[in-house]
Amino acid sequence: MPDPMLQFVRLAQASPEKRDVRTRRTDFEEIYRDFGIPQARAQSSRCSQCGVPFCSIHCPLSNNIPDWLKLTAEGRLEEAYEVSSATNNFPEICGRICPQDRLCEGNCVIEKGFESVTIGAVERFITDTAFERGWVKPKKPRRELGISVGIIGAGPAGLACAEELRRIGYEVHVYDRYDRVGGLMIYGIPGFKLEKDIVLRRWRLMEEAGIVFHLGADIGGDLPFADLRARHAAVLVATGVYKSRDLGGPGVGLPGIVPALDYLTVSNREGLGDAPAEFASGALNAAGKNVVVIGGGDTAMDCVRTAVRQGARSVKCLYRRDRPNMPGSMREVKNAEEEGVEFVWLSGPEAFLGESHVTGVRAIHMHLGMPDASGRQSVEPLDGSHFNIPADLVIKALGFDPEDLPSAFGAEGLEVSRWGTLKVDHKSFMTSLPGVFAAGDIVRGASLVVWGIRDGRDAAAAMHAYMLQQQTALAVAAE
Ligand code: FAD
Ligand code: SF4
Ligand code: SF4
């Protein structure tokens, strides 16, 4: 058979088609259509099968990208699925929401003159096809080890760890204070980036594999952390970071100024059919309102695009730096602009106007100064450049910090870094408490789903090694 690869010289890059902007700005369905088989095969064949694949090196999961691209190009889709799922618990999710321009695709060598291989879209296609054709099976163990493990947090880090440990044969219990599984994948990230059914079908598979979920279980609240430690041979903390960074300035406490995650959670709950009161009352609903979102990261992009879909009268994003210095993915900025969001660059809030409810934001123009110690240009206000923006809803999207976990868990010996994240040994993933491990955003600070998966997998391997060691020690002691 002739080699189907290296087609980048004659075949242009093509991403999955985007839905028409007039339709997509009125619903919460994903904006990208699926690749068909011919398109997926053709786009995979553009890969030049590099001896040193920089795409894989820059994928946090070190996915075997050239291998599954070649198998896809050859039409060997089931094998492509086997290879792709060997290193990633949720390839269809990463294919949808990884910032590929900064990771795999941004480092594809053909990017230099020919535009990268559309790695994310192919990864999504492979696993979506595998689901359609019934190739995705629950990861059940061959034998039960009779050892119980507790995992706090059902986000990507906790779930990846749970799946890996269950596969080996552990009895896995996952505790989450929410009523659904998925963490920020279910209540943070909106459906137009990641439809909820994609997350929910993973939940069903994990239950079929025998993982036990305890939902509505707030560890440190209803359920003492010490009880969990006593119940399980090892515990993983994967609770993410949820404390919103706040703003200052006159009027900041006015009704109508809300944290981003409260707003997004209510919107996601509405989409899932929960009919939350804050949506019905209009408190967390942008319909008919002038909306101002403050911040320039991916959370801000999710808020502006949610507000558009809820039928806001106008949506502005206020960001104190300029477009090239924005932390959010450029792909999402472009999508937001297409959907009618107005970006007010180099501008920050000074005060919030209104008596009993916010009516506007008084902002000031900024300019970029000299780079600071971190190498990032400082931001300085331009004297006398104030201006007012009308606003009935102001959404604060300035990032997240960890909660004070040692206090919340009543675990004084649980050491934290100066940023409040949990300290772990980077090889063993163990915290300062024996048998207590940690992974995901609670260790890294606000990060990405793909890093959560990576940490969850690594933590599972480390926990397995620890429990084997404990068993051996017990056996020796009993002799
Ligand atoms: P989480 O997903 O936060 O899960 C933690 C879980 O722990 C939650 O379910 C929570 O309920 C539970 N929990 C917390 N405390 C307790 C407790 N005391 N008891 C019981 N349960 C508890 N990443 C991307 O890669 N691509 C994106 O497009 C993207 N978009 C994002 C958009 C938004 C709005 C946000 C906020 C984040 C986004 N991220 C994105 C980041 C990504 O979602 C996170 O990095 C990732 O979910 C972290 O995984 P985690 O498992 O560490 O924590
Ligand atoms: Fe790229 Fe993310 Fe997939 Fe890795 S997991 S190949 S970074 S899309
Ligand atoms: Fe293929 Fe690009 Fe990866 Fe090279 S860097 S193996 S061309 S996807």
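Guide: Let us begin with a term: Ala, Val, Leu, Ile, Met, Phe, Trp, Tyr, Cys and Pro count as nonpolar, Asp, Glu, Lys and Arg as charged, and the others, Gly among them, as polar. With that in hand, the shell around ligand 2 has nine nonpolar, three polar and one charged residues. Please keep in mind that this is a predicted model.

Visitor: Which residues come nearest to ligand 2?

Guide: They are C59, C98, Q100, C104 and E123, out of 13 residues around ligand 2.

Visitor: And what surrounds ligand 3?

Guide: The residues around ligand 3 are C47, S48, C50, C55, P66, L69, C108, V109, V117 and I119. By class, nine of the shell residues are nonpolar, one is polar and none is charged.

Visitor: How many residues surround ligand 1?

Guide: There are 33 residues around ligand 1, and the closest are I97, D176, K193, Y242 and D441. The shell consists of 18 nonpolar, nine polar and six charged residues.

Visitor: What polar atoms lie by the oxygen atoms of ligand 1?

Guide: K193 has a polar side-chain atom 2.9 Å from an oxygen atom of ligand 1.

Visitor: How much of ligand 1 does the protein cover?

Guide: On its own, ligand 1 has 1000 Å² of accessible area, and the protein covers 96% of that. The elements that contribute two or more residues to its shell are α9 (156-168), β2 (171-176) and α15 (298-309).

Visitor: Changing topic: how many salt bridges are there?

Guide: A search of the whole structure finds 37 salt bridges. As a general point, side chains of opposite charge can pair when their charged atoms come close.

Visitor: Which residue does D128 pair with?

Guide: D128 forms a salt bridge with R96, and their closest N and O atoms are 2.9 Å apart. D128 belongs to helix α8 (residues 119-132) and R96 to helix α6 (residues 91-97), so the pair ties together parts 32 residues apart in sequence. Both D128 and R96 are buried.

Visitor: What about R166? Which residue is its partner?

Guide: R166 meets E144 in a salt bridge, with an N to O distance of 2.7 Å. This pair links distant parts of the chain, 22 residues apart: R166 is in helix α9, and E144 is in the loop between α8 and β1 (148-152).

Visitor: Is E144 buried or exposed?

Guide: E144 is exposed, because its relative accessible area is 52%, and exposed means over 50%. R166, in contrast, has a relative accessible area of 8% and is therefore buried, which means under 20%.

Visitor: Where does D179 find its partner?

Guide: The side chain of D179 meets that of R269 in a salt bridge of 3.2 Å, N to O. D179 lies in the loop between β2 and α10 (184-187) and R269 in helix α13 (residues 260-271), so the pair links distant parts of the chain, 90 residues apart. D179 counts as partly exposed at 40% relative accessibility.

Visitor: Which residues are linked in a network of salt bridges?

Guide: The network links K18, R24, R305, R309, R331, E332, K334, E338 and E339.

Visitor: Now the surface. Which residues form a nonpolar patch?

Guide: The patch is formed by V52, F54, I57 and V109, which together have about 350 Å² of accessible area. V52 sits in the loop between α2 (37-44) and α3 (54-57) and is exposed, with a relative accessible area of 51%.

Visitor: And the backbone? Which residue other than glycine has a positive phi?

Guide: One of them is S62, whose phi is near 50°. For background, most residues other than glycine have a negative phi. S62 lies in the loop between α3 and α4 (65-73) and counts as partly exposed at 40% relative accessibility.

Visitor: What is the phi of F429?

Guide: F429 has a positive phi of about 60°, although it is not a glycine. F429 is found in the loop between α17 and β15 (436-438), and at 12% relative accessibility it counts as buried.

Methods: Residues are numbered from 1 along each chain as its sequence is written. Chains are lettered from A and ligands numbered from 1 in the order in which they are written. This is a predicted model: local features need pLDDT of at least 70, side-chain atom pairs count only at pLDDT 80 or more; totals for chains, interfaces and linings use all residues. Side-chain values use heavy atoms; hydrogens and water are left out. Patches are made of residues with over 30% relative accessible area and no salt bridge: like charges are joined within 9 Å, nonpolar side chains (Val, Leu, Ile, Met, Phe, Trp, Tyr) within 5 Å. Accessible areas come from the Shrake-Rupley method with a 1.4 Å probe; for residues, only the protein chains shown count as cover. A salt bridge is a side-chain nitrogen of Lys or Arg within 4 Å of a carboxyl oxygen of Asp or Glu. Helices (H or I, at least four residues) and strands (E, at least two) are DSSP runs, numbered from the N terminus. Buried means under 20% relative accessible area, exposed over 50%, partly exposed in between (1.4 Å probe, protein chains only). A residue is near a molecule or strand if one of its heavy atoms lies within 4 Å of it. A polar contact is a pair of N or O atoms within 3.5 Å; within protein, one must be able to donate a hydrogen and the other to accept it, and residues adjacent in sequence count only if both atoms are side-chain atoms.
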